[in-house]
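The sequence and structure come first.

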Amino acid sequence: MTVAAPAKTEYEAVIGLETHCQLSTESKIFCSSSTEFGADPNTHVDPVCLGLPGTLPVLNQKVLEYAVKAGLALNCQIAPYSKFDRKQYFYPDLPKNYQISQYDLPIAEHGWLEIEIVDKQGNATRKRIGITRLHMEEDAGKLVHAGADRLAGSAYSLVDYNRAGVPLVEIVSEPDIRTGQEAAEYAKELRRIVRYLGISDGNMQEGSLRCDVNVSVRPVGQKAFGTKVEIKNMNSFNAIQRAIEYEIERQIEAIATGEPIVQETRLWEEGSQRTISMRSKEGSSDYRYFPEPDLTPIVVSEEQRESWREELPELPAQKRHRYETELGLSAYDAQVLTDERAVAEYFEATVTAGGDAKQAANWIMGDIAAWLRNEKQSIENLALKPAELAELVGLIVNGTISGKIAKDILPELLTEGGSPKALVNLKGLVQISDQGVIKALIKKVLAAHPAELEQYRAGKTKLKGFFVGQLMRESGGRVDPKLTNQLLEELLNG
């Protein structure tokens, strides 16, 4: 009697993100020192952010405004009453030896954002990820360890307090994420939202957006969570996805071999593409929170909250839905066009000026995007204005010029701007659509290449492309492509 092998246990991941987003205020959260990035070390400091005796913090009003707007954009409930707390933090990069943060009464709670994953076939899958809370806090300084990438093994350490006191919002997700791809998309959407709001540049390389990931695994169908591991030190969306995928496999393998999974903080090593243990994970009791005695509680009136809500722009998810339902764009096109607010606004201005939505999308995502990348330019500084792109698209749609002619004149339009129609007339590039003229050109080309014509008629039909190329050369690319192909086929086979 054959005994069936036991079924292999299937596991699923449970993932949550804690994201620190640096706010784009001119001064720090509790003092007037500059938040400018890249200054010489320890030049943007003052007695308050250095924690000198006798100093008192004063909340930056812009920080509160930005935090509430972020909470509203993430569909959170804004607390009418919240407060600051002291989080004990004994480490050289925070000179006060405590961090002013928010603990039990944060400014915003119970929200969500929508992620959208588009597969290779262009099909979109949408999912809501819950937001547990959003709170305000101050950043710590920056430690540079000589001879090692962390404290262990370094010869000495240097500290730069320029970042100490820079305002942050920390956004904590619900454990609704199941894959590395979903986590990366969540982080991307969060970055889009804060950039659309204008409250942060979201630059991960400069530390303006930093994500810590909590990962555990459990058998499929089990309700209880597994042991949670935190991963730090990820500075790109790809790194978030790869670190999570590695950690999921590591934990599943550990369970299979009987190795215990401990609650700890791990680092992502980009070079070796693995996570390594850093320290045991602290709990909230380790920080010994208590209410910040030097700051009054925060009261946000309903009138103030609604005033800030009215200032919110249309957000990326709203734009994606509108582009698909009202403009008929694919999920992929909508996602690309809404990734940056400036690009979405350029596209919308082009459509408002009369440009065909699909044609405008193709030009913006294709030739224009390629030119901007090569020239290291931004779309806001483009010489070709949206109304002029709409005019160019119109010339193609109504058959005045071909797509090839449009590509030929595009570089000049991108650098100089101006009317595409005027440029086409000036250069004599109006498309030839007269059947008689096109037929005459075809006969001329066929007469000039009798050997190729004989080979075509003997069955080498791929030579049609050769004749099309000759016609484009003969006409300077001005013949109507569709009509030319039709007439060429007739005369080749006649």
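A salt bridge here is a side-chain nitrogen of Lys or Arg within 4 Å of a carboxyl oxygen of Asp or Glu. The model is predicted.

## Helix α9: extent and ends

Helix α9 covers residues 357-375, 19 residues in total. From its first C-alpha to its last it reaches 25 Å, close to the 27 Å expected at 1.5 Å a residue. The helix bends by about 40° at Ile368.

At the start of α9, a side-chain oxygen of Asp356 comes to within 3.3 Å of the backbone nitrogen of Lys358. After the helix comes Lys376, with a positive phi near 55°.

## Helix α9: buried residues

The buried residues of α9 are Ala357, Ala360, Ala361, Trp363, Ile364, Ile368, Ala369, Trp371 and Leu372.

Across the whole structure, a search finds 39 salt bridges. Because Lys407 lies in α11 and Asp367 in α9, the pair ties together parts that are 40 residues apart in sequence. Lys407 counts as partly exposed, at 44% relative accessibility, and Asp367 is partly exposed too, with a relative accessible area of 28%.

Arg322 forms a salt bridge with Glu348, where the closest N and O atoms are 2.9 Å apart. This pair links distant parts of the chain, with Arg322 in helix α6 (residues 316-326) and Glu348 in helix α8, 26 residues apart. Arg322 has 22% relative accessibility and so counts as partly exposed, since the cut-off for buried is under 20%.

The side chains of Arg192 and Glu189 meet in a salt bridge of 2.6 Å, N to O. Why can the two be described as about one helical turn apart? They are 3 residues apart in helix α2 (residues 180-197), which means a separation of about one turn. In an α-helix there are 3.6 residues a turn, so residues three or four places apart point the same way. Both Arg192 and Glu189 are buried.

Salt bridges that share partners join Glu114, Glu116, Arg126, Glu189, Arg192, Arg320, Glu324 and Asp339 into one network.

Notes:
Residues numbered from 1 in each chain as written. Predicted model: local features only at pLDDT ≥ 70, side-chain atom pairs only at ≥ 80, totals over all residues. Heavy atoms only, no water. Helix = DSSP H or I, 4+ residues; strand = E, 2+ residues; numbered from the N terminus. Expected span 1.5 Å × (residues − 1). Bend = angle between axes of the 7 residues up to and from the residue. Buried < 20%, exposed > 50% of the residue type's maximum accessible area, 1.4 Å probe, protein only. Polar contact = N/O pair within 3.5 Å; in protein donor to acceptor, adjacent residues only side chain to side chain.
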